[in-house]
Amino acid sequence: MFDPLDLYSAEENGVATTTHFAHEMKDRTVNTATHENPVSNDKDDEDDDETFLIDHLDLPSVMYATPKMVLCVLRLLRPDKQVNFDTSMSESRSITQICTEKDITPNLLDALLAWYTEIWPNPRLDSLEKICTKIPRLRSTSDKQLMLNYYTSILKKCEDNGINSYAKGNIRADLVKELSMRISENCGRTAQPSMTREFNLDNVEHVIQLYEPSLTADNLGWKTWGASLILSQKVVNLLEKNKDQKHIHPLRVLELGSGTGLVGIAWASKWRQSFGTENIEMFVTDLPDIVANLKKNVQTNDLTTFVEADILDWTNPDDFIEKHGDEKFDVILVADPIYSPNHPEWVVNMLCRFLKDNGVCHFEIPLRDKYARERELLSQLLERNNFSVISEDFTDGLDDWGAVKYVYKEIVKM
Ligand SMILES: C[S@@+](CC[C@H](N)C(=O)[O-])C[C@H]1O[C@@H](n2cnc3c(N)ncnc32)[C@H](O)[C@@H]1O
């Protein structure tokens, strides 16, 4: 049985309570208002230092700030656009881009600027530029527990919907919506709402867009895993090397356990770019619950003319064969398929059923300690079934929780 916790790094736990937080907040803001800043009381020094970090205590207290000011903060704290599991590219965007992406109107932004310049002056946040660049960074620099305390302090204030309510009508609804999103995003990848991720691969002209539903039940294929990014770039580079080849033989390609489809979509995008859509037939496959989203991603990336998303259950490949015939494949792609004791056997069975003689399989597997025995079993089963590893290398990669090591294997049928 797969244990998703095995994949997630422990998070640091703060211990502050909401009440404690409110006091801290008040003390700190009073200090900054009177320029008795606990870190520095030299305003000019701070103005000169663009990298000077703020923390959760610099956020407007719901006790004193208007709903508009708070809403503006919550929208600034929306997740930045990710490319290749990385948000650092978002750092160089203009104020206009940030506000457009995060749905922040000039009216909201002016309200927040008034807080930091007139109501509760704070030299660290006294310009639109500082507000729009420093507040979003709190998502990664601030203690998650303290941010949760901030969100719950606002939620508590919004609870009362009577005549004395903090916010009414649309603005109350907007606050509650943003708060629920920020709270769930703060609870780790498995609790996060749905999202669209972008992948920008070298040698592929267009940016690949993948929709990822919120992870529910055991539907691990609704998230894009780090192994698929590494494998995608590898297979794209292989195709790039051969792009000047004159005689292209028709090729049948199968991806097993595609999830959101990154590897298959990357292969297909690069193939179309180099050789057109004539000589290729491709299937991206997964379990029934995963395939609807996989189809959607194939469609979003405009590949439906030659890429079909369909069910191929490793425990029951007959249904796939009945529907699509028993012709084998020249290339099989698999990223991150080994996370239960049965997977090595099932995956090797798939290679036996679907890989042509002289066909090639590209595997990318994360080196999770917990599945070392399964990786060993996979190697034994491959050997026992006359597959040989013709190339292998190790790579450092990224996933939602940070750095991960991966092994790549290129396997042929002897
Ligand atoms: C860890 S995810 C990797 C997904 C994708 N390859 C990636 O790297 O983003 C493992 C994938 O294998 C699929 N899978 C697990 N058991 C399967 C089975 N019996 N038949 C087909 N697919 C299966 C899961 O649904 C999931 O999409």
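Here are legends for a set of close-up views of this protein, which is a predicted model.

**View 1. The whole protein, to get your bearings.**
Start by counting pieces: there are 14 helices and 9 strands. The protein has 414 residues, and buried ones make up 51% of them. Take the contacts between residues at least 6 apart in sequence: 75% of these join residues at least 24 apart.

**View 2**

**View 3. Strand 9 and its partners.**
Why is strand 9 described as largely enclosed by the rest of the structure? Because 10 of its 12 residues are buried. Strand 7 runs antiparallel to strand 9, and 7 bridges join the two; look for cysteine 361 opposite isoleucine 411 of strand 9. With strand 8, strand 9 also pairs in the antiparallel sense, this time over 12 bridges. Phenylalanine 387 faces lysine 413 of strand 9. Strands 8 and 9 make a hairpin, with 2 residues between them.

Is leucine 382 buried or exposed? With a relative accessible area of 2%, it is buried. Setting aside neighbours within four places in sequence, leucine 382 is in contact with Val348, Leu351, Phe387 and Ile411. Glutamate 345 is 37 residues away from leucine 382 along the chain, yet their C-alpha atoms are separated by 9.2 Å.

**View 4. The largest nonpolar core.**
This core holds 41 residues, and those touching the most other members are Ile208, Val253, Trp267, Trp271, Met282, Val307 and Leu333. Which helix gives the most to this core? That would be helix 10 (residues 262-275), with 8 residues. Take valine 307 as an example: leaving out neighbours within four places in sequence, it is in contact with Ala268, Met282, Val284 and Val298. Apart from this core lies another one, of 38 residues, including Ile54, Cys99, Leu108 and Ile135.

**View 5. Helix 3, wrapped up by other helices.**
Helix 3 (residues 67-76) is largely enclosed by the rest of the structure, because 9 of its 10 residues are buried. Among the buried ones you can find Pro67, Met69, Cys72, Arg75 and Leu76. And what covers them? The cover for the buried residues of helix 3 includes helix 4 (95-101), helix 5 (106-119), helix 6 (128-141), helix 7 (144-159) and helix 8 (169-185).

**View 6. Rings that pair up.**
The protein has 10 aromatic pairs. One of them joins tyrosine 150 and tyrosine 151, a tilted pair at 6.3 Å centre to centre with 55° between the planes. Both tyrosine 150 and tyrosine 151 are buried. Elsewhere, ring pairs link Phe283, Phe320, Phe329 and Phe354 into a cluster.

**View 7. Charges over rings.**
Back to phenylalanine 329: the charged end of arginine 252 sits over its ring, 4.2 Å from the centre. Another such spot involves lysine 296, which lies over the face of tyrosine 211 at 4.5 Å from the ring centre.

Methods. Residues numbered from 1 in each chain as written. Predicted model: local features only at pLDDT ≥ 70, side-chain atom pairs only at ≥ 80, totals over all residues. Heavy atoms only, no water. Phe/Tyr/Trp six-rings, centres within 6.5 Å; stacked < 30°, edge-to-face > 60°. Buried < 20%, exposed > 50% of the residue type's maximum accessible area, 1.4 Å probe, protein only. Lys NZ or Arg CZ within 6 Å of the ring centre and 35° of its normal. Helix = DSSP H or I, 4+ residues; strand = E, 2+ residues; numbered from the N terminus. Pairing = 2+ DSSP bridges. Core = buried A, V, L, I, M, F, W, Y, C linked by side-chain atoms within 4.5 Å. Contact = heavy atoms within 4.5 Å.
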